[in-house]
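User: I would like to learn how to read strands and salt bridges in a model. Can you take me through one?

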Amino acid sequence: MRAVTAPAPGGPEALLISDLPDPTAGPGEVVIDVVASALNRADTLQRQGFYPPPPGASEVLGLECSGRIAEVGEGVEGLSAGDEVCALLSAGGYAEKVSVPAGQVMPVPTGVDLVAAAGLPEVAATVWSNVFMVAGLQPGERLLVHGGAGGIGTFAIQLAVALGASVFATAGAPDKRELCLSLGAERAIDYREEDFVAVLEEVGGADVVLDNMGAKYLSRNVSALATEGRLVIIGMQGGAKAELDIGALLRKRGAVIATSLRSRPAAEKASICAGLVEHVWPLLADGSVRPMVGEEFRLEDVARAHQLMEDGSHTGKILLRVSP
């Protein structure tokens, strides 16, 4: 099978398409013939040598995919060869085939195109597990989403609004802020010209902050919290180390939580995926939430796709078409 790896750390040019042995389905696993995969920030970090796959996982990049089941392993129930599915992966999505624990395989939501479904598992699992399972966002509460026009941001806005929360989002370019508003955000904040802390303080603070910046925004995120607010950090685009004013956090009776999805045990991922099928997939089926696809590339153009992600000019998800 053709697959994409990064044998040595580097820029997008370090990505290599090569022929690797086809995977097989072990007990509790299925093999998927991949139709499409999608880019995530973790992929660019892995390519640069900063985010290796978990022990035992494939060196092939890609944290999600869609396609058709080709092989079902021993003990797997409810899945059959030919089923159209999407899957949350630890690695391996940038390939023509991938093996994955059956608990991380989900049906393509009703009404969603098979290719577009490739961009759902990682963002949906990230938002559902962090904003709702961990931070416990409730109807009537306020969510602040940083990077509102990206893959995670566009999904978080839609899901939070569909479940009864109000959403404030940060974004830079005017078209990105317009996108956030069109998806249901109450306010799209220009992080280059506006102080998101002041904006949130005017309305009583954010009950939940979903942050991909890390160190750069830590103190300001705490300041933006409402009383008993929860800050969930899912990325470090703005650095890994910063000082935390414990007094400010105490006065807010707030919480700072940092989570990673990729390294969680398979049983936890299966629980998250089951939650998606039960609670989120119906919202995709009725159109309350929709996949946001920004650009599509062929597998052969994976380097161009990575360059686009690093340029930061895209909106929504960047997809890789692996097979016709």
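User: How many bridges join strand 11 to strand 12, and do they run parallel or antiparallel?

Analyst: First, the basis. This is a predicted model, where local features need pLDDT of at least 70, side-chain atom pairs count only at pLDDT 80 or more, and totals for chains, interfaces and linings use all residues. Residues are numbered from 1 along each chain as its sequence is written, and side-chain values use heavy atoms, with hydrogens and water left out. Now the general idea: strands of a sheet pair through backbone hydrogen bonds, either parallel or antiparallel. Here, five bridges join strand 11 (residues 206–211) to strand 12, and the two run parallel. Two strands count as paired if DSSP finds at least two bridges between them. Helices (H or I, at least four residues) and strands (E, at least two) are DSSP runs, numbered from the N terminus.

User: Which residue stands opposite Ala-206?

Analyst: Leu-225, in strand 12.

User: What is the strand order in the open sheet?

Analyst: The six strands follow the order 10-9-8-11-12-13, with parallel pairing. Strand 10 and strand 13 (255–258) are the edges; each has a single partner strand, so one side of each lacks a neighbour in the sheet. On average, neighbouring strands are turned by 20° against each other, direction ignored. Axes are lines fitted to C-alpha atoms, for helices over the stretch in contact, and angles run from 0 to 180 degrees between N-to-C directions.

User: Which strands does helix 4 touch?

Analyst: Helix 4 packs on the sheet and touches strand 9 (166–171) and strand 10. Contact means heavy atoms within 4.5 Å. The helix direction makes about 160° with that of strand 10.

User: How many salt bridges does a search of the whole structure find?

Analyst: Side chains of opposite charge can pair when their charged atoms come close. The search finds 14 salt bridges. The test is a side-chain nitrogen of Lys or Arg within 4 Å of a carboxyl oxygen of Asp or Glu. One of them joins Glu-141 to Arg-230, with the closest N and O atoms 2.9 Å apart. This pair links distant parts of the chain: Glu-141 sits in the loop between helix 2 (121–134) and strand 8 (142–145), Arg-230 in strand 12 (residues 225–233), 89 residues apart.

User: Are Glu-141 and Arg-230 buried or exposed?

Analyst: Both are buried. Buried means under 20% relative accessible area, exposed over 50%, partly exposed in between (1.4 Å probe, protein chains only).

User: Which salt bridge involves Arg-187?

Analyst: Arg-187 meets Glu-194, 2.6 Å from N to O. Arg-187 is partly exposed at 30% relative accessible area. Glu-194 is partly exposed too, at 26%.
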